[in-house]
Amino acid sequence: MVAAENYAAENYVVRNAHIVPVTAEAFDGSLVVTEGRIAALGPDVVVPDGHQIIDAEGGWLLPGLIDAHVHLGVHEEGEGWAGADFNESTDPVTAAARALDAVNPLEIGFDDALANGVTTVNVNPGSANPIGGLTVALKTFGAVVDDMVLRSPSGLKAALGENPKRVYGEQKQTPGTRMGVALILRRAFTQARHWAATPQKERSADLVSEALSQVLNREIPWRQHCHRADDIATAIRIADEFGYELVLDHGTEAYKLADRIAARGIPVLCGPLMVSRSKVEVRDRTARGPGLLSRAGVKVSIITDHPVVPIDFLITQAALAVREGMDPQAALRAVTINPAEVLGVADRVGSLEPGKDADLVLWSADPLDARNRVLRTWVSGTQVYTFDPSSGLGEAASRW
């Protein structure tokens, strides 16, 4: 294993590959990486001097996958309470809390991500609170979380529906109903508006209002956890009242309001798809949802909500959506360029284009066929995962 700090991004050419740029037509050819970025790609690329040759042997080369809604590193698998740092469920409004401060980049889930082609994630606080906190977009390789950041904050997480009303209803405090959850949101935004309108030298220190002001100023999106159609309608109603950029997380019943959502240009992060109907608000979940939304003109991303569905299965969920009617190209966009655009990082990741980060994944063949697998993963040009077909074993690069 190679220590990350000693493994400089190499200059190389991946040739003899079936290249799927996502935002352009696929072709057979080569891709050039120079100093960690994509320098060129095409059917007849000239190999620059000093570049190593990597023979893809006909494998499929795609951009790294992106999961725009995970709790990776803040809800560690198998760690119980010791690794549960995603819900600060002691106050309904924790808008200033940062998921960044709780991410453990050495959690095993990050290696699972690399082994399955996921190179970018958006780590969210949980959904216990009506307003949970600030999200962060990260690369999935690194030893110190600050070195992995693509955008911070990348949004502000909020929740409607069963989770916050259950958590605080059990504590006999507001919110104990859906009315109460909506009240909490309106009250917090109204206070933030008043704070922002106060002359700066007269303002009190208020981290919550400061965070909410970033949403009101449309600097970051409002990431609204909601499943049921009526909760989605409430999310749209409140967004209209305060004028912020809305992103619907989960959107289990979003397909029931597809035309309304499409008309407003609201993106939906669909998932998790491979779960039981564990509560009332997800009883109408269906893997047909992403396809129905996509055909209606909604910008769809597919998410795992890791560890609800382990991050290993992001591409499996995309394949499931294809089986249930989603166009294959739309499904690939739903785990690459669409989430990159929602996270505000599409200038760096999400597709294979000159100038973008060399976040690459070499697959044995079509990744939407579950029989195929990741052979190599690169993050910012550095090879961070390799699968050895002869032994049947894969190895991630050391993070140290």
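Buried means under 20% relative accessible area, exposed means over 50%, and partly exposed covers whatever falls in between. Keep that in mind for these close-ups, which all come from a predicted model.

View 1. Arg218 sits in the loop between helix 4 and strand 10. Its relative accessible area is 48%, so Arg218 counts as partly exposed. Now check the backbone: phi is positive here, about 60 degrees, even though Arg218 is not a glycine.

View 2. Asp305 belongs to the loop between strand 13 and helix 8. Its phi is also positive, near 60 degrees, and again the residue is something other than glycine. With a relative accessible area of 9%, Asp305 is buried. Pro307 lies in the loop between strand 13 (300–302) and helix 8 (314–323) too. The peptide bond joining His306 to Pro307 is cis, with omega at about 10 degrees.

View 3. Ser152 and Pro153 are linked by a cis peptide bond, and its omega is about -5 degrees.

View 4. Helix 5 runs over residues 229–242, and its 14 residues should span 20 Å at 1.5 Å a residue; the C-alpha atoms at its ends are 20 Å apart, so the two agree. Which residues of helix 5 are buried? They are Ala229, Asp231, Ile232, Thr234, Ala235, Ile236, Ile238, Ala239 and Phe242. What do these buried residues pack against? Their partners are helix 3 (178–197), helix 4 (207–216), strand 10 (222–226), strand 11 (246–250) and helix 6 (258–263). Just past the end of helix 5 comes Gly243, with a positive phi of about 75 degrees.

**View 5. Zooming in on Thr234.** Find Thr234 in helix 5. Thr234 has a relative accessible area of 15%, so it is buried. Setting aside neighbours within four places in sequence, Thr234 is in contact with Leu160 and Ala182.

**View 6. Helix 3 alongside helix 5.** The axes of these two helices come within 11 Å and cross at roughly 15 degrees. That's why helix 3 counts as roughly parallel to helix 5. Helix 3 brings Arg178, Ala182, Leu185, Arg186, Phe189, Thr190 and Arg193 to the meeting, while helix 5 brings Asp230, Asp231, Thr234, Arg237, Ile238, Glu241 and Phe242. Sorted by class, this contact has 5 nonpolar, 2 polar and 7 charged residues. The crossing of helix 3 past helix 5 is right-handed.

**View 7. Helix 3 across helix 4.** Here the packing angle is about 90 degrees, and the axes of helix 3 and helix 4 are 9 Å apart. So helix 3 is roughly perpendicular to helix 4. From helix 3, the contact uses Ala188, Phe189, Gln191, Ala192, Arg193, Trp195 and Ala196; from helix 4, it uses Ser209, Glu210, Leu212, Ser213, Val215 and Leu216. The tally for this contact is 8 nonpolar, 3 polar and 2 charged residues.

**View 8. Helix 2 and what follows.** In helix 2 (residues 162–170), the buried residues are Glu162, Asn163, Pro164, Val167 and Tyr168. These buried residues pack against strand 9 (149–159), helix 3 and strand 10. Look just after helix 2 for Lys172, which has a positive phi of about 60 degrees.

Conventions. Residues are numbered from 1 along each chain as its sequence is written. This is a predicted model: local features need pLDDT of at least 70, side-chain atom pairs count only at pLDDT 80 or more; totals for chains, interfaces and linings use all residues. Side-chain values use heavy atoms; hydrogens and water are left out. Helices (H or I, at least four residues) and strands (E, at least two) are DSSP runs, numbered from the N terminus. The expected span of a helix is 1.5 Å times one less than its number of residues. Buried means under 20% relative accessible area, exposed over 50%, partly exposed in between (1.4 Å probe, protein chains only). Contact means heavy atoms within 4.5 Å. Axes are lines fitted to C-alpha atoms, for helices over the stretch in contact, and angles run from 0 to 180 degrees between N-to-C directions. Angles under 35 degrees count as roughly parallel, over 145 as roughly antiparallel, 65 to 115 as roughly perpendicular and the rest as oblique. Ala, Val, Leu, Ile, Met, Phe, Trp, Tyr, Cys and Pro count as nonpolar, Asp, Glu, Lys and Arg as charged, and the others, Gly among them, as polar. A crossing is left-handed if the near helix is turned anticlockwise from the far one by less than a right angle, and right-handed if clockwise.
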